[in-house]
Amino acid sequence: MQKSNKVSEAVIRRLPKYYRYLKDMEKNGVQRISSRELSDKMGLTASQIRQDFNCFGGFGQQGYGYNVSELCNEIRKILGLHKNYNVIIAGAGNLGQALASYVGFERECFTIKAMFDVNPKLIGLSIRGIQILDIDTMRDFIINNDIHVGVVCVPKNKAQEVTDAMVECGIKSIWNFAPIDVGTPDNVAVENVHLSDSLYTLAYKMNEI
Ligand code: NAI
């Protein structure tokens, strides 16, 4: 399947959800699914699903539906999850350590190579075999270890500085958890993750009911 040039942000945001559902179905031995069944499971309309897949040239056959494994593999490739990515985490506090403790990222294709911190009490420790190193060594580490993704888990007032250092050393993807939207050049991908946005949305919904 071809990636079309202009895939909307909304479609891109739905791809991980398709992938998650399809992976689960594949694991449970489901071999084929119609767009109607997929839409029922995912809470989207069948036409929405067909439109989304048409952005990539379309999958499936009329009257047959989708082959779950094939579709899952195609979406994996579209997302770029068929490659391996080396990751570092800056900020080895509560959140940095929680992310490093989670094995799920590695099961996919993201290998956490090291963590970096300023705190001498943390430097030298390991989380699941991942070493916490001095932030002063981060630049050299990035340059020498082919790092693709930088995860920002430092306090808000250090997030831009740490991001800039990552970008200057050649990192092209920033996964930022600090509560500011960090600035980067156009050729660097950024995902800002704010769990509180989701929590506040929940608060809104709670008060609507
Ligand atoms: P924490 O205080 O436990 O950890 C921060 C770590 O960063 C500390 O170990 C500290 O020594 C280190 N640090 C400080 N300056 C640094 C620098 N220049 N270079 C490298 N390391 C440095 O804080 P926590 O709870 O882990 O939160 C980390 C960040 O993530 C904060 O910005 C926080 O607001 C944010 N956060 C975001 C969430 C989200 O949903 N996006 C959820 C929880 C926290």
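Figure 1. At Phe 177, a backbone N or O atom is found 2.9 Å from a nitrogen atom of the ligand. Taken alone, the ligand exposes 850 Å², and the protein buries 74% of that; accessible areas come from the Shrake-Rupley method with a 1.4 Å probe, and for residues only the protein chains shown count as cover. Please keep in mind that this is a predicted model, in which local features need pLDDT of at least 70 and side-chain atom pairs count only at pLDDT 80 or more, while totals for chains, interfaces and linings use all residues. Residues are numbered from 1 along each chain as its sequence is written, and side-chain values use heavy atoms, with hydrogens and water left out.

**Figure 2. The shell around the ligand.** Here we step back to the surrounding residues. There are 23 residues around the ligand, and Leu 95, Asp 117, Val 154, Val 193 and Leu 195 come nearest; a residue is near a molecule or strand if one of its heavy atoms lies within 4 Å of it. At least two residues of the shell come from each of α5 (94-101), β4 (110-117) and α8 (156-168). Helix α8 gives the most, with three residues. Helices (H or I, at least four residues) and strands (E, at least two) are DSSP runs, numbered from the N terminus.

Figure 3. Asn 86 sits in strand β3 (residues 85-90). With a relative accessible area of 14%, Asn 86 is buried, whereas Asp 146 is exposed at 51%; buried means under 20% relative accessible area, exposed over 50%, and partly exposed in between (1.4 Å probe, protein chains only). A polar atom of the Asn 86 side chain lies 3.0 Å from the backbone oxygen of Asp 146. Leaving aside neighbours within four places in sequence, Asn 86 is in contact with residues including Thr 111, Lys 113, Asp 146 and His 148, where contact means heavy atoms within 4.5 Å. Asp 146 belongs to the loop between α7 and β7 (149-152), and its phi is near 50°, a positive value in a residue other than glycine.

**Figure 4. Arg 128 in its loop.** Look for Arg 128 in the loop between β5 (126-127) and β6 (130-134). Phi of Arg 128 is near 50°, a positive value in a residue other than glycine. The relative accessible area of Arg 128 is 36%, so this residue counts as partly exposed.

**Figure 5. Asn 144 in helix α7.** Asn 144 is part of helix α7 (residues 138-144). Asn 144 counts as exposed because its relative accessibility is 61%. From Ser 35, Asn 144 is 109 residues away in sequence and 46 Å away in space, C-alpha to C-alpha. For orientation, the protein has nine helices and nine strands, and its C-alpha atoms fill a box of roughly 60 × 45 × 35 Å, taken along the principal axes. Buried residues make up 37% of the 209 residues.

Methods. Polar contact = N/O pair within 3.5 Å; in protein donor to acceptor, adjacent residues only side chain to side chain.
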